[in-house]
Amino acid sequence: MARYLVQRLLLALGVIVFVSALTFALTEATVDPALAVAGEGATEEAIQQIRRQYGFDRPLVERYLGWLGGIASGDLGESYRMRRPVADIIGEHLPVTLKLGFLSLAFAILVAIPLGVLAAVRQNTWIDRFALSVSVIGQALPNFLFALLLIIVFGVNLRWLPISGSGTWQHFVMPTIALGYYAMPALMRLTRSGMIEALEADYVRTALAKGLSPGTVVFRHALQNAILPVVSLGAVQFGFMLGGSVIIEVVFGLNGLGYLARESIRRADLPVVQSIVLLISFFYVVLILLADVLNGLLDPRIRSTGA
Amino acid sequence: MLDVANLSVTIAGRGGAIRPVRDLSFSVARGETFCIVGESGCGKSMTSLALMGLLPRAAARSATRLALDGTDLRSLPRRAMADIRGNRMAMIFQEPMTSLNPVHTIGSQLREVWYRHRGRNRAAGEARALWLLDRVGMSSPRERLAQYPHELSGGLRQRVMIAMALMCEPALLIADEPTTALDVTIQAQILSLLRSLQDELGLAMIFITHDLGVVSRIADRVAVMYAGRIVETAATADIFRRPAHPYTRGLLECIPVPGRIARRQPLPAIPGQVPSPAQDIAGCAFANRCDQVRDACATARPPEAGVAAGHLVQCVLYGQAGSELSCPS
């Protein structure tokens, strides 16, 4: 297990370095940082001065390595616009995004697993078809559109929920549903297909032959086998949702990382954009790693072969 | 102890009903091993599932009598049937590799039966599990409790399955080809284990197999099944020495015995195909493959005739009970 973990960690580190290079190169290629800092209507002299002052005249590779070195020592650089350390700015916005991510994942899991189990147990009945319809709609409907529908119905017409901001818990209800519904179908389908397979397995027949109740057979014997891949997918989906929350945060005016990313792109605030992309890819890599480890912890067969 | 009359299983399907088990009647006494032998697809596994009440959802069971120790199993509500399963009647299966749950320890799977039928007493359940693991011949039973199925070989897993079936001291054990998936040496060990457990615990056992070698080692009485029906029932010695039904005789001839068949001679085989369980069979199911077929075979179901004490056969050759005691050749 230790050797396996080291391998995975090295691979994860490689992925992050690669993403950082790509992010840096792409953002620098699309925007001239000196021009961005100087702002519109600046004179050519002012731009040249900024270029020297910030070191933008140095070669790209040199500046990339400098940035990378800063990150390694915990310094994400300084925002061009806000004149404050990027780390502080991200620190202010991250909690909102993490909160939204966790709530959405919880919502997705709480809907997906019971619905998936029910669909499998009542395979080919109306419940099963209902569950499949819900998941097809979730996959087909773009989540900004679903978010807007929620706003129209619950915010504008019924006036039950606030449509913008992040002040109270009510502000998180619609964003959670909108983002969670995006992650739910994949989890539901995996639960359903895993359960259908598990319910036909020999060990389920054994459990029935022991006289166990249907509830024990479904939850203790079938679900505990079917849930293994769902846990990993859930971790990966959480990464998806951190990325996907850019749109949802903008639609609902939640002042999180996604909102910050959009604003920073608009203002060509490169250090902030680069740091956010790097941070999200870092989360993503960590979550995939976590999914592997979780799978190993839950499945006794992997646990012992990896040891 | 177990009394079965006219047990049938019908599976409704789009192309009409399938009847894998047709009008089975037999009884099993305390301490007896009753073997049901037949080719694959003859309905023997369906029979065992029907007895346990574990048929797939699409299959329906009917019988004029189905009683365990006087309890009529036909009309029992689901819950009451589940109270009997794993408790008064238990079952072991053909596939030890997949019959145990991979994510639970051996101990928890054993204790679970105890909790279900004897109450949630961990110490008592564990004591019983330890005693049984030792009894089925597993070394260091205490360590086994903490192990997972994938850490055990097929033979050991089948021993665990046997221990699990015996947790609540059932009166009847149904063993559905429990040794088919095992090596020959392990197979012999498991058979002698079952035999000794049976003597010790006074178990009644229904042992399902396609292997006549296994039958000769373990059975007290044998029922030969063909196309969903029992065609012959007799004490084990009678089946091997005086087989009456042409199908039984055919089966016995198919066993390669050194010296009986000349070298390079093909092994005898029964020609033709087993009728499909979807087919309606008016007369004898074996008629189309039988070398002694008569006109009567095609039209009416052969009556059951006694050829000796406890030796019953469904074949027109024995139309009048007791009239033909020797084998017609």
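**Aromatic contacts, an annotated domain and a strand pair**

A:Phe282 counts as partly exposed because its relative accessibility is 40% (buried is under 20% relative accessible area, exposed over 50% and partly exposed in between, with a 1.4 Å probe and protein chains only). The model is predicted, so local features need pLDDT of at least 70 and side-chain atom pairs count only at pLDDT 80 or more, while totals for chains, interfaces and linings use all residues. Residues are numbered from 1 along each chain as its sequence is written, chains are lettered from A and ligands numbered from 1 in the order in which they are written, and side-chain values use heavy atoms, without hydrogens and water.

Rings of Phe, Tyr and Trp (its six-membered ring) pair if their centres lie within 6.5 Å; planes under 30 degrees apart are stacked, over 60 edge-to-face and the rest tilted. Over all chains, 15 aromatic pairs were counted. A:Phe282 and A:Phe283 form a tilted pair, because their ring centres are 6.4 Å apart and their planes are at 50 degrees. A:Phe24, A:Tyr64 and A:Trp67 are linked into a cluster by ring pairs.

In chain A, UniProt (unreviewed entry) places "domain: ABC transmembrane type-1" at residues 94–295; such annotations may be inferred rather than shown by experiment. This stretch is 85% helix and 0% strand (DSSP runs of H or I, at least four residues, and of E, at least two).

In chain B, strand 7 (residues 89–92) is covered on both faces, with B:Met89 and B:Met91 buried on one side and B:Ala90 and B:Ile92 on the other. Strand 7 runs parallel to strand 8 (residues 172–176) of chain B, joined by four bridges (pairing requires at least two DSSP bridges). B:Ala90 stands opposite B:Leu173 of strand 8.
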